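Please look over the structure below before reading the notes. They are a short briefing, grouped by topic.

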Amino acid sequence: MKLNRRTLLASGATAATLAVLGVPVRAQDAPLKVGFIYVGPVGDGGWTFQHDQGRLAAQEHFGDAIETIFQESVPEGADAERAITQMVLSGCQLIFTTSFGFMDPTANVAAQFPDVKFEHATGYKTAPNLATYDARFYEGRAVIGTIAGRMTQTNKIGYIGSFPIPEVIQGINSSFIHARKVNPDVEMVVIWAYTWFDPAKEADAAKAMIEQGVDVILQHTDSTAPQAAAQEAGNVFTFGQASDMAAFKPTPRISSIIDNWGPYYIQRIQAALDGTWESQSFWGGIGEGEVLIGEITEAVPAEVKAEAEALAAAIGDKSYHPFTGPLNRQDGTPWLAEGQVATDEELKGLNFYVEGITGEIPA
Amino acid sequence: MDLTSISPVLLLASLMVAATPILLAALGELVVERAGVLNLGVEGMMITGAIAGFATAVATGSALLGFVGAAAGGAALSLLFAVLVLWLRSNQVATGLALTLFGLGLASLAGQPYNGVRAPPMPELDIPLLSGIPVLGPILFRHDPVVYLALALVGGVWWFLHRARAGLVLRAVGENHDAAHALGYKVLRLRLLAIAFGGACAGLGGAYLSLVRVPQWTEGITAGAGWIALAIVVFASWRPLRLLLGAWLFGGISVLQLNLQAANAPIPVEVLSMTPYLVTILVLVLISSGRGRARLAAPGSLGQPFHASR
């Protein structure tokens, strides 16, 4: 529309009329613009790839009613604020920022634009126009920890950690607890890569573990490089992280934890379209369909597969919580009493290993 | 802590592998800088080589042909740089940085169809007899051909720079391009060849990541290796044999760092991660102080544009 004084007046008049008639001004004329900020490239085959799958699912679901845009490989830190602001200025009314490090930039931009809705993944800061969402990855870790404990021959399980934040520590503890439950001799070797995505470093970390006798590797980093390293070594098992990583079936990848963001994105975009969107803190797991366990391949014996699936089902219907006492802290002091379950607040601030894991969490 | 779980033999063997990409890229950059051109686009040329090599290997089914494609890809990108800085006389620092950004974007675009595709395997080159030697066999004689190619190139570049007449001319161009021009040497042509060689080496280094070390295509696969290669050239004070030492040091510490973590060594991860850079600073201080000072000397014409009229 050409904008001159006359059309401006006319559109103002139309808007006023519509407002008087009680017709929502926003809807119908233009699609809702939804923005996504990604920390890695869409082609990482892991974390960001899954978020983009969620975006595509939402786009498919709503068709012409929404328009989605994304920016990939946005560095965590000051530049993120610029990227998010730019997205607001380009007309996005709902913006998903999909990495922990975007928390402060998102909160800052949200404070400046109270009319725009923001959703930040895996953080803890909320505002009337800033919601958070996360997935209970530790529920999936419990399942693959069980498989790992059964599959290891050397009784050494490796865990490639990204950064020492609660989410990763939950994963290490959860997988270790359940590996040890089925195999009391199991030991956990942790390497901190200090990156979410660096294929060469992840491959080197996997190789260092394999050289030291680790034969099952769990990763909390996003590339498929550890899978390739395990494949080359042979006789080493891995699990897909964030994405199914199906290219490495049936071995070394014997199962996977899949982040399934599509349903959540569809639900929240629908709320924004209906005008019912409200700030919240959502933390879904296996039961909500946000965490999926990928196909357990034929390399896993049938009884182990059945055991893992039963565990996943119990977690899914909430009859079992992966952090159920008795559990001690690493130094031997009691944490959870018999039958006691960890609260969400405890888990979101988790900063210690459970008993049996050696090594220290870097400060 | 259980340091006995670290096997020194396997550690040294993986050191050789970990050092190869940065060694190749740094070697190319050393020749470029010896010719008086500062090309900060190593990272961009590496990742272009990584995807060019990967695409060639997938198309032909041969990893070795992939390396040929990688060298061609890296060299092609470096020729763009050469035209800009040699004939259009643009600022070398800015052009080099632009080349890195361009290369990263180009590789990401070209790599779209290759996500999740598997690379053909690289033939291992088990040297008969020698590979059976205990200790030395696994360390030295059980690698893929590219590791040996990199080592041979180090020797070749050393011989070229210090024993061959053409290498002398190349060094002369780098030390003082006006004097070399006055003597009748083709400054621009020589620099063009040096830049192309640098691009080809960076491409090989990148392809080593995507075809052997990782081995698959993922965006951002070089993850800063090109910058480390640039640092090693300074670390080596523009000498090929010291360059080998530097690459092994960097490769060695990055591998050792992960091994120490896995063995539960009580050293903070952060300290281990910064060790290579600390060592670089230390070495620079040592060799640039006192008697050793003259040895640091960077090529005299490094980074300066050349025009025959001046």
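This is a predicted model: local features need pLDDT of at least 70, side-chain atom pairs count only at pLDDT 80 or more; totals for chains, interfaces and linings use all residues.

Residues are numbered from 1 along each chain as its sequence is written, chains are lettered from A and ligands numbered from 1 in the order in which they are written, and side-chain values use heavy atoms, with hydrogens and water left out.

**Contact between chain A and chain B**

- Chain A gives 34 residues to the contact and chain B gives 28 residues, where contact means heavy atoms within 4.5 Å.
- About 2500 Å² is buried between chain A and chain B, and carbon and sulfur atoms give 48% of that area; buried area is the accessible area (1.4 Å probe) that two parts lose on being put together, summed over both.
- On the side of chain A, the residues that lose the most area to chain B are D204(A), E211(A) and Q212(A), together 24% of what that side buries.
- Five residue pairs are in polar contact across this interface, both residues being at pLDDT 80 or more. A polar contact is a pair of N or O atoms within 3.5 Å; within protein, one must be able to donate a hydrogen and the other to accept it, and residues adjacent in sequence count only if both atoms are side-chain atoms.
- β7 (187-192), α7 (199-211) and α8 (225-233) of chain A each give two or more residues to the side that touches chain B. Of the elements on that side, α7(A) gives the most, with nine residues.
- Helices (H or I, at least four residues) and strands (E, at least two) are DSSP runs, numbered from the N terminus.

**Salt bridges**

- The whole structure has 10 salt bridges over all chains, a salt bridge being a side-chain nitrogen of Lys or Arg within 4 Å of a carboxyl oxygen of Asp or Glu.
- One salt bridge crosses the interface of chain A and chain B.
- R213(B) forms a salt bridge with D204(A), with the closest N and O atoms 2.4 Å apart. R213(B) lies in helix α9 (residues 187-213) of chain B and D204(A) in helix α7 of chain A, so the pair joins two chains.
- Both R213(B) and D204(A) are buried; buried means under 20% relative accessible area, exposed over 50%, and partly exposed in between (1.4 Å probe, protein chains only).
- D52(A) and R55(A) also meet in a salt bridge (2.7 Å, N to O). Both lie in helix α2 (residues 47-62) of chain A, three residues apart, about one turn of the helix.
- D52(A) counts as buried at 6% relative accessibility, and R55(A) at 9%.
- R82(A) and D79(A) pair with closest N and O atoms 2.8 Å apart. R82(A) is partly exposed at 42%, and D79(A) is partly exposed at 33%.

**Helix α9 of chain A**

- The 13 residues of helix α9 (residues 262-274) of chain A should span 18 Å at 1.5 Å a residue, and the end C-alpha atoms are 18 Å apart, which agrees. The expected span is 1.5 Å times one less than the number of residues.
- Among the buried residues of α9(A) are Y264(A), Y265(A) and R268(A).

**Loop residue Q340(A)**

- Q340(A) is in the loop between β14 (334-336) and α11 (344-348) of chain A, and counts as partly exposed at 37% relative accessibility.
- Not counting residues up to four places away in sequence, Q340(A) touches F323(A), T324(A), G325(A) and W335(A).

**Cysteines**

- The structure has zero disulfides over all chains, a disulfide being a pair of cysteine sulfur atoms within 2.5 Å.
- C92(A) counts as buried at 2% relative accessibility, and C201(B) at 3%.
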